[in-house]
Amino acid sequence: MTGSKILEVESLSKKYKTVQALHDITFSLEEGDIFAFLGPNGAGKTTTLRILLDIIKADTGSIKWKLNGYSGKVPNPALMGYLPEERGLYTDLPVIRSLVYLASIRGMKPTEAHHAAMEWLEKLELADRAKEKLQNLSKGNQQKVQFIASIIHKPAFAILDEPFSGLDPLNQEKFIAYIQELNQQGSTILLSSHQMPLVEKIARKVFLINNGQEVYNGHLSDIYKKYGQHHTLIVSFDSEPPIGQLKESGIIESIEIEESNRLRLTFAQGVALNQIMEKLSCLENLHTVKSENANLHDIFVSLVQNQKAN
Amino acid sequence: MNYYKQILTVTLWEYKRFFKIKNELIGIVVMLVLGTMGFYGGKYAASGTSEKRELYVEQGCPEILKEILQDSYSITEISPIKTDSIKAGIAETRQGMLLAKDGNQFILYAYKKPGGLNRLQTALDAYRQQVAMQEKDITPDKLEYIMKPASLKEEYSFQPQSSQRRVLAYFFAGLMVMAVFLSFAFQFTAITGEKQLKITEQIVSAIKPQVWMDGKILGITLTGLSSMLIYTMLAILGGVLFFQFTGASAMQITGYLHLPSILLFFVFTLMGILIWNSLLAAIASIITDPNNSGKSSLMMVPVLFVLSSFLIIRDPDNSVAVFLSWFPLTSATGMPIRWTITEISWWQLAGSFALLIIAFYYLKRLAAKIFRVSILISGKEPSWNEVIKMVKED
């Protein structure tokens, strides 16, 4: 379910005092996308999102929004939903009151907002606590209310910054389902996260960012095709692993020490399995070898290491 | 959603958040209870002092002096040989006073300086006057003629406003002080509270900082005005009751209800509250943690206009008073007060009011700008220099 371009970001850069937070970032989103902005903490994800929402200004670069007939450099708030990384709601007020207010300032009529809020609270099993003060709810439930506050008005474009942080695995799965449902109802989703296994489940496009720089920008399926051709093996040894010998082999891209005698070896792209087995058979004390498919995390680590090396 | 609808939404939100009729009623009840306690407590405490205090005088004290003193004191004549024991008794019991005479001089013995000493001084003055009159052969009629004040007919080109207008001006100034100090508390809760709860980012993604700030200023001003209205109603009710009990004519009540003056004072007061709310909002926007901020003390700046009102009352025509009646942070009370006690032309009123409007417009813009640049600052509080730099860069 993709369509015309609704957001075009061109050469975005931002510097804070001494830190170059963003460096020449370019990407675009099409209607109906689930676009994941991925990167480690401090990579520049939140800065990008805040610039998109006109909360902070970029030093250079341009942004074009074309959403539901609206076009401009800043987004139309009524069409936007935003779940900030720094969560916060009125803790001293009843849940329903905060939700209705936040929907009202995005243009919803109070009665509609009340109805929509109750529907979502019902769905997230919080309807019976609608009149309670937010501070009486658990952290996980507060997170749910925060999520409702960001999407209650059925935004055409929802920006979700770290939507899974602070959630237990069960609720993480539920949130994945809610985001998919929102997308099916017509919302384009831009989410940022450092929890790559979760993002892998829903995103169709990814933008990998590290130290404010683009590492990868494209379809999720393409990243596996492009960078997932690396063989990854979990190799155990009877005694101390011969790391030096492995590095000298010339076919290994990265070595991660999982335990004292167990290594995770990612081989360079194009290296054939028989070539790998040949090299491994020369090693002493080899105990077991287990093959592992590359995931987004592995690809990201590999790409970042390549970026550093370059 | 247009600008005005958004402002209305934020204004009503802030108003409903802070204006609680229940709290207002509790405040009024507490005030009435404390007032009643103060009135009757003071009356009870003063009841002891209304009794005549015991005053010992030595035998031989002139009759005329005793007669004068009897109006204020309970007089007991004592023998001169008992003087020392009476003095000791006064020191021990801490009660009573002894008035002795040494030649032309009176000597008062008491445990400590008594309250109402002026009554004794007046009595002694009256006694001395009578003695002197007798010595100089002056009759009471002659004395009255001597003491008669010079006749002075007063003719002024400027007639100040009636005392009712002045009372009305002070009344509005008092209400404004109350509204501004109430706003001070609400602005702190509203702005620094939301920053601490990290709600601001969510809100400014939905509305512009200027809309948010305007709504906040208007909502909190409305809260202050509601409190003003309640206390005005109470004052009117109190006034009606007062005149009822004292039997004064209804004209005395209606004398205060001069509509043009009320309108003039109200619009000045309204602008004054808006200006102060904008300034307080700008200060609150910089503060990240009110408990540890050096800038919190700036919230006491409104005391300025309270002081300025006193300065204006003392001499409304000196250059300081004129400046205060034009300076936007003090003119909301300054100009109306000057208007009631000195000659002010219409253009001065209009000019001062226009300056208030202009200052309000720029102050609210500044507040929104400071808020915008400090939204995401949650760590170290920015210095003034940093704030100025950020505002310039934005």
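This is a predicted model: local features need pLDDT of at least 70, side-chain atom pairs count only at pLDDT 80 or more; totals for chains, interfaces and linings use all residues.
**View 1. Chain A as a whole.** Chain A is built from ten helices and 14 strands, and its C-alpha atoms fill a box of roughly 75 × 45 × 40 Å when the box is taken along the principal axes. Of the 310 residues in chain A, 38% are buried. If one looks at contacts in this chain between residues at least 6 apart in sequence, 69% of them join residues at least 24 apart.

**View 2. The surroundings of A:Phe35.** The residue A:Phe35 sits in strand E3 of chain A, which covers residues 34–38. Because it has 22 C-beta neighbours inside 10 Å, A:Phe35 counts as buried, the cut-off being 20 or more. Leaving aside residues up to four places away in sequence, A:Phe35 touches A:Leu29, A:Ile189, A:Leu190, A:Ala203, A:Lys205 and A:Phe207.

**View 3. Where chain A meets chain B.** The contact between the chains takes 21 residues from chain A and 17 residues from chain B. On the side of chain A that touches chain B, the elements giving two or more residues are strand E6 (80–83) and helix H2 (95–104) of chain A, and the largest share, three residues, comes from H2(A). The residues on this side of chain A divide into 14 nonpolar, four polar and three charged.

**View 4. The largest nonpolar core.** In soluble globular proteins, nonpolar side chains tend to be buried together. The largest nonpolar core in this model has 136 residues, and those with the most contacts inside it include A:Leu38, A:Leu99, A:Ile189 and B:Ile275. Helix H11 of chain B, residues 259–286, provides the largest share of this core, with 15 residues. Not counting residues up to four places away in sequence, B:Ile275 touches B:Pro328, B:Leu329, B:Ala332, B:Leu356, B:Ala359, B:Phe360 and B:Leu363. A second, separate core of ten residues includes B:Val57, B:Leu69, B:Tyr73 and B:Leu99.

**View 5. The two domains of chain B.** Chain B is divided into domain 1, which runs over residues 52–147, and domain 2, which runs over residues 161–393. The C-alpha centres of these two domains of chain B lie 56 Å apart.

Conventions: Residues are numbered from 1 along each chain as its sequence is written. Chains are lettered from A and ligands numbered from 1 in the order in which they are written. Two residues are in contact if their C-beta atoms, placed from the backbone, lie within 7 Å. Helices (H or I, at least four residues) and strands (E, at least two) are DSSP runs, numbered from the N terminus. Ala, Val, Leu, Ile, Met, Phe, Trp, Tyr, Cys and Pro count as nonpolar, Asp, Glu, Lys and Arg as charged, and the others, Gly among them, as polar. A residue is buried if 20 or more other C-beta atoms lie within 10 Å of its own, exposed if 12 or fewer, and partly exposed in between; C-beta atoms are placed from the backbone. Domain bounds come from an automatic or database domain assignment. A nonpolar core is a set of buried Ala, Val, Leu, Ile, Met, Phe, Trp, Tyr and Cys residues joined through C-beta atoms within 7 Å.
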